[in-house]
Every structure is written in structure tokens, then in C-alpha cells.
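Reader: I would like to go through this structure term by term. Please set each value against its definition.

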2 protein chains.
Amino acid sequence: MGCPFNVPQDPGKRKFFGTLGLIAAAVPLATIAPWAKILGEDTDIAPMTEGNSNIEPFVSAHQNGIARSMQTNTSFATFDLTTTRREDVVKLLRVWTDAAQRLTNGQQVQSIDQATSSDDYGDSGKSSKSNESSDSDDTLGLSPSRLTITFGFGPGLFLKDGIDRYGLAHQRPEALIDMPRFIGDKIVAGFDGGDLSVQACADDPQVTFHVIRELSRLAYGIAELRWAQNGFVPKFGPMETPRNLMGFKDGTINPSIKDPEAMAKFIWVGDEGPAWMSGGSYMVVRKIRMALEHWDRMKLSFQEQTVGRYKLSGAPLSGKNEKDPLDLDAKDADGNPLIPENSHVALGAPANNDGAQILRRGYSYDNNLSFTAERWPPWHQGMEFDAGLLFMCYQRDPRTGFVKIYERMSKFDMMNQFVTHIGSGLFACPPGVKQGEFIGQRLFS
Amino acid sequence: MGCPFNVPQDPGKRKFFGTLGLIAAAVPLATIAPWAKILGEDTDIAPMTEGNSNIEPFVSAHQNGIARSMQTNTSFATFDLTTTRREDVVKLLRVWTDAAQRLTNGQQVQSIDQATSSDDYGDSGKSSKSNESSDSDDTLGLSPSRLTITFGFGPGLFLKDGIDRYGLAHQRPEALIDMPRFIGDKIVAGFDGGDLSVQACADDPQVTFHVIRELSRLAYGIAELRWAQNGFVPKFGPMETPRNLMGFKDGTINPSIKDPEAMAKFIWVGDEGPAWMSGGSYMVVRKIRMALEHWDRMKLSFQEQTVGRYKLSGAPLSGKNEKDPLDLDAKDADGNPLIPENSHVALGAPANNDGAQILRRGYSYDNNLSFTAERWPPWHQGMEFDAGLLFMCYQRDPRTGFVKIYERMSKFDMMNQFVTHIGSGLFACPPGVKQGEFIGQRLFS
């Protein structure tokens, strides 16, 4: 064929420059889209009314995605800071805060000064601000969907490769430890850490993805995406605990988000310092792959012994109802504990961890299939589900929270036969912002 | 550490066999879960009432996931048949049909005879049927969520590597062609074809994933998962066209699923044969990665010229409202076409394709990030969004449908600068089943 585009090795590049000339000629100035004019005045396509129950205000004492009823979807991403300048970090947190306020309010992000303008793409140079696409627009007309956006600071913001890039090393909280390596950890290179984290949660996956997409654009030249994972929970009623992919209810023993005392004791940072973290919380994230094919081959009773709960009701094996307290001393007629000592709930129970409590806010993930060579009979080698749990939890101090609990769990939990931790992160989530503040402002002032 | 489980290379295997003995001792027979008893009689946890608007009956003249208002989520998977026996294929289609009826009805799948029983796992051998986990249970208590399940047969069912494995070669429809390689195709190895396809669509991602998970278990020993991709569209009203990740409404020019004449003419196979496909349809699937970072850097007007529609309204550049017909002859004062000839909608228009129409039913996908070396300025090398469109369309004949349309589009569409086709498949979707039939039964009788 004589077609000049018949270059399968790199059709994009060749066609790109080839067609731009055509376009420049073909676009009369009069074809500015009608809504570009609307947006030009910085009004919004879908301004939301006060009191819209689908809006979770970003301005709040605590960040708004922590002590919050779970939405059905999450998009989580971490970023590496590439800038060497402290003022860039401040600038980024300012524009992110502004964008987060707008996005949670159901608005588009504002027009932005991009490091790379459209002119770099062979444009005619006649661009007018109002004619630029300042938002990916894929959420136009959608509900705010109870969107929350939660920011976190990783250890690398304070010290990276031994270098105090932004003069913040002395502000690093003791609680923001380098995560220990646990027994059984198989953290995939590149799927840990990050200098900054963003978690968007909403009742629509397009709304959460949109957040990561817009915030990453706002970070051009300052920070780059490092790793990301989206997740979901099924639709469930307000009083229900959603089931994870193992088929069990997940999150039953959470402290109540409606209990300010429990939140103050276990979740929010108090006077222990540093001051900039007061009212904040520490987020642990673990990407946990599940061997679903194997789990599904197990007997129901074995699954229940592994978890320590009944599958249907979610009740502990020592009780009848989901919310019944664990009775770790209860024994059957033969003197065996009803809840096995190496079951998941026994090892995670506050009573076995000096009273430790964490706020679990995990999402299932489904990354389709990947090639897997099984470790057990029937020794299958082939495509298996690349799925599991994007475990996320919040706590006042990870040393007395997740690390405390998981230290023993990583060694003895029967569930470890079916799960592998392949991603990890720890982030200091500063308190919420007042109007006019930017996220983490007290750290920089 | 002296801990015997401190073997990070293979903790699962060692602990697995180590703990099973413990379990066998610790499980008294009385701890059968309460709902195992319920399920023992093959009653269902959540039997659905007749007329439940969240149920799309599987028994239907046409398969129920084609001419159907889109649900918000899909899980799509293809399978390779590994069996050499025709009766295994029939058996699989029978159990899949039975499972599909139950699942779309909001029920659990039935207890199954697995090729590999639990006893292979070192079990004590005392298993009773009622104590086995016959469903992954992660959808317990969830709504059927308008679940539809659509099955398809790929060319490999009829002839694979020149071998007619199941005596079906003479039944292969002429329309079930080997998909041509189009200009610009970058199909990733392993992400094309498949002997069988399953598409689950529902308003809950846990419900659709559950289908693939259960059907793949039912296929053990007969067929194996080949590739899979999940997808979503945002929540949208019944009269609205959802936006894809490019921010444009996608599917506007679909023939109306409420127009039986259009469906009969363009979507359903008629008398042209083979007889077993009468009332069926052909599904083309294309996994299309979008260069979202680049698309988002383009000016709004350039995006609109590329698509041929206004972004906000979805109206063609020759009109005012979304549903306005394309006026491909309309010109501006300078004599340039309002809808560029190499725009996406112009190339896809029936008027430019001998009247061809297809029923688009695509879903956005978000596979998080992957390392990407960009082909354009700013020549970024790093993590970019691994996201795009799981394009799916149905048609009476792909030769006069998708292939006809995409042949020119693959060469000239301006949008090709931003999209790459990385997965592909063509499947013959037989008609729906009557009560008691299995899917595709007429092919085997």
C-alpha cells in the first residue's frame, strides 16, 4: 500500500505532526465551543447547592476522608517529588488544596499554568486562555458523589537518600517511621513509599480517577506519579459492613467513627507532637494480593476457622451476631478455643495487642489477570486473578497501631497462606484545612 | 529468629501443611456454619421476588446483555479450551448456563463437582457436601444489580492450529472471520482471541467480578482463563450518554435498542445463516489504551475537531444538540467542512460506510499506571495512566460492521494520535436460551 500512514512502528508521531498542519488550517476562530465561553468567567458547569448531601466539604477540622462512611470507590496514588525547591512544594500543596476544594464541591479544576503550554505541540500560537482545556471534563454533569480527598506526607518529604531537600527533616514525626520489613513481605519494586499520597474516595470510579488525573497534571514539573491502585467495595447499606473478595465482612471491629472519644484516643494525633500533625492521622497502606483460586477451593469451615468468624453473619465463632465481642477464652466441649489462636481475628484483637485499635478503610482491587506459578497443588501455571485488598488504615501512631498488630500477625496468621503483601506505604496525613489555608500549612510556617 | 515460619521464600507452603493438622484437630463437627445448613437444601440466601427490577432474566430470545441499557460495570474474560472432548464443551456450556440463570437471578451458584476436590489439600477426608464452600460468597446479600451475562464463541472453538477439535469446523460462520490486522494495531501477545468469551455487566463491580470467578471455577479441567479486563462507566441518567475518559459522550450514534427494525437490520443475525446463529450477534472487542496525559494537554477546540463533536453538549460540530444528525456537507464561511473529514465521527458515520451501523457498548478501563516512554514532547519517561476504553460493539456481521468502519478509521482518524489498540477479539454470540436449553445448544445438535 502506498498510504503514507502505513508505518506501524510509530504511527502516532508521524501522523501527529502530519495532521496538525491540516488542523491549524481547518479550525476557524469562530468554532470556540459554547461552554468554553461559559467557563471563561470561571463559573461552573454544575454549581452545587448548599447542603447537597453528595458533597463532603473539604474545609474541615480533620481531613474529610478518614472518619467517614466508606464510599464505594477509591483511587489511591503516591507521588515522588522531583523539585529541589521548598517553594515548589508549597506551591503544589496550595494548588492541590484549591483543586481539592473545587473537586469535592463538584466543580471543575481551575485553569492552570502548565509548565508545558499547548504551544509546544506545534500549535499556531494564537491560543486564548478561554479556549484551553483546563480539565479532562470526564466528570461533567456527574454528581460530586461524596468525594473526599485525603493527602499524606511520606518520609521522603523530610529526608530522602540522606538529603534534607526542603529543610523539613527536623519536623519529621517520630511516628513516621520507615516501615519495617515483615515476615512474608514481597513488596514489588516501585510499589512502596512515595513522598506524597493522595486518596480520592467517592461513589463513582470516574470521579475518583478524575482527581488523580487532575492533581497529577497540577504537579507537572514538581512531582511525578509513583504508584497507584484503584479499588471498590460493593454497594451496601449504611449500617452494613461490606464483604471483601474473600467473602467475609471486613471492618467489623473498627472503632465507631461516631465515637469522638475513640477517635481521639486511637485515630487522631493529639498533643504528643509534632504540632503540625495535631488533629491528623497516620495512614498505612498495604496492597495485599489474594490467592482467590485457592481460597475458593477451601471448605467453608476451614475459611471460617482461618478468619475466626462465620461467613454469613460475620459473627465471631464465639458468638451469634456480627457485633458480638470476641470471646477469646470461649472453649468447646473438648477444651479447644472456639476462635483459634492463629485465626485472623484473634491475632488482630485489641485484647491481644495491648488494646491497639486502628480504623480500617480498605478497598478490594481487581487488576484482571496475571501469569502465576502456583506454590501448592494442583501446581497450576497460568493466568490467575490479580486481585485482593488495598488495605488502608488510619491510626494515631503506627507503632502502636498497624505495626504492633501486624508484627505477630505476619508470623502466625493462618490467612497468610492466602495473601501476600506486595505494596506498602506509610503517610502522615495532616489535619484538615481552614478556609484559605493549604494542606499541611503548619508544617511549612 | 528461631521462628519456624521465618522462611520468606515460601511461607505459604510450609505454613499451609503445618497448620492444617492444627485445624483438623480444632474443628469440632458442631461448628458447621448456620448458613451451610440453609444452603444444604439448595435454597438461596436472598431469593428474589418476581418482577424485581434489578433482575434481567437470562432466559430470553436474545442474549440479555446486548440490546440493554448499559450497566455501570463490566467484567470481560476470554477462555482457552484445554479439553479435547466435545462432550466436555457441552458439559461446560450446560453448567455455565445453569450458573448464569442463578447468578442473574441474584442466587449463589450451585455446589459443583470439582475436578480437584478439597481432599487434595491434605483434608481429613470427612468432608460433607453441605460443608463445602460452593460459592465465593462475596456477593451475599447484594442486589442482582441488573446483571447480564453474554457468552461468545471465538474462531478457536471451530478450528485451532488447523485442528477441528470438536467436529464443529463446518459450522463456523463465514462472518466469524479471523480479525484482520489494522494499521497501527499493537496487540499485546496474549491479549487477543480466546475460544470462549464471557461478558458480565451489572451495576456493581463485585457482582461482575463474581461471575468471572465462579464461571472460571466451573471450567476447571475444561477451559482456562486467557485474558480479562474490567471496566466502568460513570453513573448517568437513563436518557444520558455516558462520557468516556476523553471527556466526550460515547455512543451517541448507536441505533436505538428500542427500535426492533434497526436491531433486526444491523444487530441480530437473520436468515443468512448458519441457523444456530439466528437471533445472535457478533461482538468485537478492542482494548484501546488512551494517551490521556497528551489528550489533556490539547486545546479544547483541537479535541473537538478531532472528535467532530462539541465536548459539553455532544452535538456534532454541524449542529446544536447531541442527537442532531451529522451534516457532513456543512461548511463554514471559508468553505471548510464544519466536521473535519478526518475527524472520528466523520470517519465512523454510516453515510461514509455504506450505511454501516454497530451497537457500541464500551466501558472505560483503569489499570492504574505503567511505565511509558513517550513518543512526543515533552518526551516524558515514567509512570503514566494505563487506561482507556474497552471498546465493545455488537453487529449482524463484522465484515459490514466494525471491520468496514475501522478499516478507513485506522488509517485516517485524527484520534489515532491518542489511542492504541492493544487487545482484540471477535466472538459469535449465539441467541438466547429457552428454559432448559444451554447456551449455543443448536450448534451442537
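Reader: Start with strand E3 of chain A. What stands opposite A:Val198 there?

Author: A:Ala77 stands opposite A:Val198 in E3(A). Strands here are DSSP runs of E, at least two residues long; helices are DSSP runs of H or I, at least four long; both are numbered from the N terminus. This is a predicted model, where local features need pLDDT of at least 70, side-chain atom pairs count only at pLDDT 80 or more, and totals for chains, interfaces and linings use all residues. Residues are numbered from 1 along each chain as its sequence is written, while chains are lettered from A and ligands numbered from 1 in the order in which they are written.

Reader: How do you know that E1(A) and E3(A) pair?

Author: Two strands pair if DSSP finds at least two bridges between them. Seven bridges join E1(A) to E3(A), residues 196-202, and the two run antiparallel. That meets the definition.

Reader: Which strand is joined to E1(A) by nine bridges?

Author: Strand E4 of chain A, residues 223-232, also antiparallel. One of its bridges sets A:Ala223 as the partner of A:Leu81.

Reader: Why is E1(A) called largely enclosed?

Author: A residue is buried if 20 or more other C-beta atoms lie within 10 Å of its own, exposed if 12 or fewer, and partly exposed in between, with C-beta atoms placed from the backbone. Eight of the nine residues of E1(A), 73-81, are buried, so the rest of the structure largely encloses this strand. For chain A, 51% of the 445 residues count as buried.

Reader: What makes A:Ala387 buried?

Author: A:Ala387 has 20 C-beta neighbours inside 10 Å, so A:Ala387 counts as buried. Its place is in strand E8 of chain A.

Reader: What does A:Ala387 contact beyond its neighbours within four places in sequence?

Author: A contact means C-beta atoms, placed from the backbone, within 7 Å. By that rule A:Ala387 is in contact with A:Leu245, A:Met290, A:Leu292, A:Tyr365, A:Asp366 and A:Asn367. A:Tyr365 is 22 residues away in sequence, yet the C-alpha atoms are 5.4 Å apart.

Reader: Which residues of helix H9 of chain A are buried, and what covers them?

Author: Within residues 402-412, the buried ones are A:Phe402, A:Ile405, A:Tyr406, A:Met409 and A:Lys411. Their cover includes strand E5 (281-290), helix H8 (344-348) and strand E8 (381-395) of chain A.

Key:
Contact = placed C-beta atoms within 7 Å.
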